[in-house]
Amino acid sequence: MTLQRAAGGVLAGFEPRLGTRDPAWLNDARVDALHWVGEHGFPTHKNEDWKYTGLAPLLAVPFAAATVASGGRVTAELIDAAAVDLGGLRLVFINGHYSAQFSRLTGLPAGAVVTTLAAVLAAGPDRLEPFFAHTPGARHAFAAFNDALAEDGAFIHLTAGAIVDEPIQLVFFSDAGGVPLISSPRSVLIADPGSRATIVETYAGIEADVYCTNAVTEVVLAEDAQIEHYKVQNEPVTAFHVALLSVRQGRGSRFSSRSIMLGGAIARHEVRVVLDGVGAEVSLDGIYLPRGDQLHDNTIFVDHAATDCTSHQLYKGVLDGRSHGVFNGHIMVRHGADGTDANQKNKNLLLSDRAEVDTRPRLEIYTDDVKCTHGAAVGQMDDEALMYLRARAIPLEEARGLLIYAFVHEMVDRIDLLPLRAQLERVVAGRFGNDAHLVAS
């Protein structure tokens, strides 16, 4: 059954995940979510936050819900190739379900709990009620669809003062096995006062497989908690990726997220942040590199709901072929959120006359004592700079590669994890030129 038919009310192909041992509130939330999708349907161009992203190719695929039994072709070599080894803990999920075979859970410090959503649902599901208690569709239909179908994902709880020095790596790998699948991983991170950790999410799959990853990651930071978050999306170009990162921050908390978007036929990375405590800070950076017929959508909403909060956004795109990029940024400063410091930038480099980008940074401000800026830029390769390099006997492709790297190096330099930074450098070199000078020493 296609998602389009399901959205029209024919829901027999997508039953909510109802557990006989699950509490009534959870089963009710799943049923309500799926009914909401059936009644309201999936977003169209008429939805303001989806006006630049056509979903017809995704909605037309006859997906089946992924099961734990899927994933027979996955090997350790495939996982290692998809996700650089960062040391520390690694949780691997195949088609949205935990795989102990490929995971590594050793060296966890006291005060930190790293487990799976399925384990929490089995042992004490009531602690998850706040994450399923929102009105179905309050965010959008894909998030509601995740509410209905999610069975597993990562669950991380950092107790007060807990510090995890090594990154916690979450790898979501898909193996459709010839049948179009939709997986619905759901991850929850709770950071109690004064805790600190680095989280790295990687999404990948087997080349040429047709599938959809519909992921939701929810993060709650208490007072003075610090979370550094990275996301690498490198799905095959035959796959689809829709993801929501939802963050709520308490007083004095610090959250940073750096997104690297590479794969997917249609890929959407949505971030929603509520700065709910005085003095909270968030930094959101992203780089997207679509080519061919790829569409990469970055939709960002930052809600300044408390005083003296700070938000910074910088997203850069390099687009080639007939690709399409979207940056849809929205900052809201609510009444009474005095002392807000917010800035938002989006810059794009078009390598082809057929590439297209829609950029829409915007501010919505309801108080006076603020410092807010936003801007966007779209341009092509600098012909004079290219001619300068060519005049010094640098071949055309290498010259283009150097200029592209000069454009993206600001984003590369913001990646503190050296193995991850090296991975991005290799990707940029491989996509836009093979010259060794592109890889920084």
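Guide: We take the nonpolar core and then the sheet.

The model is predicted, so local features need pLDDT of at least 70 and side-chain atom pairs pLDDT 80 or more, while totals for chains, interfaces and linings use all residues. Residues are numbered from 1 along each chain as its sequence is written, and side-chain values use heavy atoms, leaving out hydrogens and water.

Visitor: Which residues have the most contacts inside the largest nonpolar core?

Guide: In soluble globular proteins, nonpolar side chains tend to be buried together. A nonpolar core is a set of buried Ala, Val, Leu, Ile, Met, Phe, Trp, Tyr and Cys residues joined through side-chain atoms within 4.5 Å, where buried means under 20% relative accessible area with a 1.4 Å probe, protein chains only. Here the largest has 51 residues, and Leu 158, Ile 227, Phe 255 and Leu 284 have the most contacts inside it. Strand β14 (residues 266–275) gives the most to this core, with four residues; strands are DSSP runs of E, at least two residues, and helices of H or I, at least four, numbered from the N terminus. Apart from it lies another core of 30 residues, including Leu 262 and Ala 399.

Visitor: In what order do the 10 strands of the open sheet come?

Guide: Strands pair if DSSP finds at least two bridges between them. The order is β3-β2-β6-β9-β11-β13-β15-β17-β19-β21, with mixed pairing, and the edge strands β3 (97–98) and β21 (370–380) each pair on one side only. Strands β9 (residues 196–205) and β11 (residues 226–233) pair in the parallel sense over eight bridges, and Tyr 203 has Gln 233 in β11 as its bridge partner.

Key
Buried < 20%, exposed > 50% of the residue type's maximum accessible area, 1.4 Å probe, protein only.
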